[in-house]
Amino acid sequence: RMNADMDALEAENQVELEEKTRLINQVLELQHTLEDLSARVDAVKEENLKLKSENQVLGQYIENLMSASSVFQTTDTKSKRK
C-alpha cells in the first residue's frame, strides 16, 4: 500500500515537472519571439526615419526646381501647400 502511494506521488510529481518544463520552454520561446519583433520594429522605425528625411530633401529639391523654372512662376505654390 505504501509503495503504491509512493509510486502514484512520484508519477504525479513527474507529470507536474514535465508540465513546468513545457511552460518554461513556451515562455522562453515567446520571449525570443518578442525580442525578434522588437528588433524588427526598431529596424522599421529607423528605415521610416531615413525615408522621411529623404522625402524632405526631395521635396525641397522639387520646390527649388519649381521656383527656378519660369513655367511655375505664375502658379502660387505656397497657398496650395498644406
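**Labels and cut-offs**

Mentor: Start with Leu65, which lies in helix α1, residues 2-68. Keep in mind that this is a predicted model.

Trainee: Why is Leu65 called partly exposed?
Mentor: Its relative accessible area is 46%. Buried means under 20% and exposed means over 50%. The value for Leu65 falls in between, so Leu65 is partly exposed.

Trainee: What makes the nonpolar surface patch with Leu65?
Mentor: Tyr61, Ile62 and Leu65 make it, with an area of about 310 Å². A patch residue needs over 30% relative accessible area. Leu65 has 46%, so Leu65 passes that step.

Trainee: How do you know that Arg22 and Glu19 form a salt bridge?
Mentor: Their side chains meet at 3.0 Å, N to O. The cut-off is within 4 Å, so the pair qualifies. The structure holds one salt bridge.

Trainee: Why are Arg22 and Glu19 about one helical turn apart?
Mentor: Because they are three residues apart in helix α1.

Trainee: What makes the negative surface patch?
Mentor: Asp42, Glu46, Glu47 and Glu54 form it. Asp and Glu count as negative, so the patch is called negative. Take Glu54, placed in helix α1. Its relative accessible area is 47%.

Trainee: What share of the chain is buried?
Mentor: Buried residues make up 0% of the 82 residues. The chain exposes about 8000 Å², with 58% supplied by carbon and sulfur atoms.

Trainee: How many helices and strands are there?
Mentor: The chain has two helices and zero strands.

Key
Residues are numbered from 1 along each chain as its sequence is written. This is a predicted model: local features need pLDDT of at least 70, side-chain atom pairs count only at pLDDT 80 or more; totals for chains, interfaces and linings use all residues. Side-chain values use heavy atoms; hydrogens and water are left out. Patches are made of residues with over 30% relative accessible area and no salt bridge: like charges are joined within 9 Å, nonpolar side chains (Val, Leu, Ile, Met, Phe, Trp, Tyr) within 5 Å. Accessible areas come from the Shrake-Rupley method with a 1.4 Å probe; for residues, only the protein chains shown count as cover. Helices (H or I, at least four residues) and strands (E, at least two) are DSSP runs, numbered from the N terminus. Buried means under 20% relative accessible area, exposed over 50%, partly exposed in between (1.4 Å probe, protein chains only). The place of a charge is taken as NZ of Lys, CZ of Arg, CG of Asp or CD of Glu.
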